[in-house]
Amino acid sequence: MEKIVKKGKTLAQGYTTGSCAQAAAKAAAIYLLTDELHEYIDIDTPKGTTLKIKIKEFKKTNDYAECAVIKESGDDPDVTNGIEIRAAVYKGYESLIIDGGEGVGRITKPGLKIEVGQAAINPVPRKMIAYEMEKICLNYGYDKSFKVIISATGGKETAKKTFNEKLGIIGGISILGTTGIVEPMSEKALIDTIYLEIDSQMEQGRKNILLSPGNYGRDAALEKFCIDIDKGIKISNYIGDTLDYLAYKQPEHVLIIGHAGKLSKVAGGIMNTHSSYADCRHEIFASYAALCGADKNIISEIFNAVTTDEIDYILIKYNLHEKVWEIIIDKIMENITRRLQNKVKCEVIVFTNKESTWKYSSNALDFIKYFKD
């Protein structure tokens, strides 16, 4: 595995369950069509890098082949490290089918990226698998398509260590990954890296710092505001640590653009937004909805919602959207301002998946001019 250096420490990267599924499916499809056994398979990741992944075993009949990959998480403390991801590929189909088998969960509640009833194989891994299957059909002159079944040995037990059941994903793990690569999640190393990026930008003369917890909303931010949040600093879950350092460095302006699932937690004073630390989203939205007149049934709906996006739809449905979000944005700003010790001007833009909701602190739209190319 590739090594990366963070603050003087050498850490090993890993690859996602999505990359495992992609590699296993590619190896199985090639074996099915050609009888070629590839001990290692190269895959192109969404991050733009190529991974060489070891294939564990090969099985085959006339219309079916199966291969496996052992998930490697590098120095990331991932519960799926060492799990076996399998891909069974069947030929003779008019169009590509991708589904989950044993150990891969099923979606049972709305509000996630995958429809109810489907296997918990996220959109990016589905695209990764489809990319390989289409390329194989083209390269080997195969005029039909495949059915690909992804399974995870021991996935049902491993899923008990995750939040899948709470999210309505039943029966196994999720096949995940947006880049194909697992970055080592050494907390200190990640925080130190954030500090280094702030230092670097300010040393280059930048007086305005753009922050985002992750990659969600990049395309929407580009289209809506002509802001590329990939050019800002990714702070993951470490909002409090980042704000503390900014209070010390004191840039002129800070703009935070992030998904409601992360930033709504800040309204409750939570400054490390990882779910393993705390998750008060339902309590926050329910409390403020109650203050705005929501009855017991609406509060119950909010508590039973799977995602923040679903909560957002509930607020819209009951005409509570504007009032509740106004309070939440005010509380987010109150807690951020306190953490910054009033030393830095900061504004916030919050969005939901599918960009159905965009909410702004009082001067956020004025701040956008500082971050356009």
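**Notebook: helix packing, sheets and a buried alanine**

I began with the helix pair α11 (residues 308–317) and α12 (residues 321–339), whose axes come within 7 Å and cross at roughly 130°. That angle makes α11 oblique to α12, since angles under 35 degrees count as roughly parallel, over 145 as roughly antiparallel, 65 to 115 as roughly perpendicular and the rest as oblique. The axes are lines fitted to C-alpha atoms, for helices over the stretch in contact, and the angles run from 0 to 180 degrees between N-to-C directions. Helices (H or I, at least four residues) and strands (E, at least two) are DSSP runs, numbered from the N terminus.

I noted that this is a predicted model, in which local features need pLDDT of at least 70 and side-chain atom pairs count only at pLDDT 80 or more, while totals for chains, interfaces and linings use all residues. Residues are numbered from 1 along each chain as its sequence is written, and side-chain values use heavy atoms, with hydrogens and water left out.

Which residues of α11 and α12 meet? I listed Asp312, Leu315 and Ile316 in α11 against His321, Val324 and Trp325 in α12, where contact means heavy atoms within 4.5 Å. The residues of this contact divide into 4 nonpolar, 1 polar and 1 charged; Ala, Val, Leu, Ile, Met, Phe, Trp, Tyr, Cys and Pro count as nonpolar, Asp, Glu, Lys and Arg as charged, and the others, Gly among them, as polar.

I then looked at the loop between α11 and α12, where Asn319 lies. Phi of Asn319 is near 55°, a positive value in a residue other than glycine, and at 69% relative accessibility Asn319 counts as exposed. Buried means under 20% relative accessible area, exposed over 50%, and partly exposed in between (1.4 Å probe, protein chains only). Most residues other than glycine have a negative phi.

The buried residues of α7 include Ile239, Leu243 and Leu246. Leaving aside residues up to four places away in sequence, Ala247 touches Arg339, Leu340, Gln341, Lys343 and Val344. The C-alpha atoms of Ala247 and Asn342, 95 residues apart along the chain, are separated by 8.1 Å.

Turning to the strands, I recorded an open sheet of 5 strands in the order β17-β16-β18-β19-β20, with mixed pairing; two strands pair if DSSP finds at least two bridges between them. Its edge strands are β17 and β20 (358–360), each pairing on one side only. Strand β18 (residues 253–259) runs parallel to strand β19 (residues 345–351), joined by 7 bridges, and Gly258 stands opposite Val350 in β19. Helix α6 (residues 218–225) lies across β19 and β20, running at about 65° to β20.

Lastly, I followed strand β8 (residues 84–93), which 7 bridges join to strand β7 (residues 64–70) in an antiparallel arrangement. The partner of Glu66 in β8 is Ala88. β8 also pairs with strand β12 (residues 145–153) in the antiparallel sense over 9 bridges, and there the bridge partner of Ala87 is Ile150.
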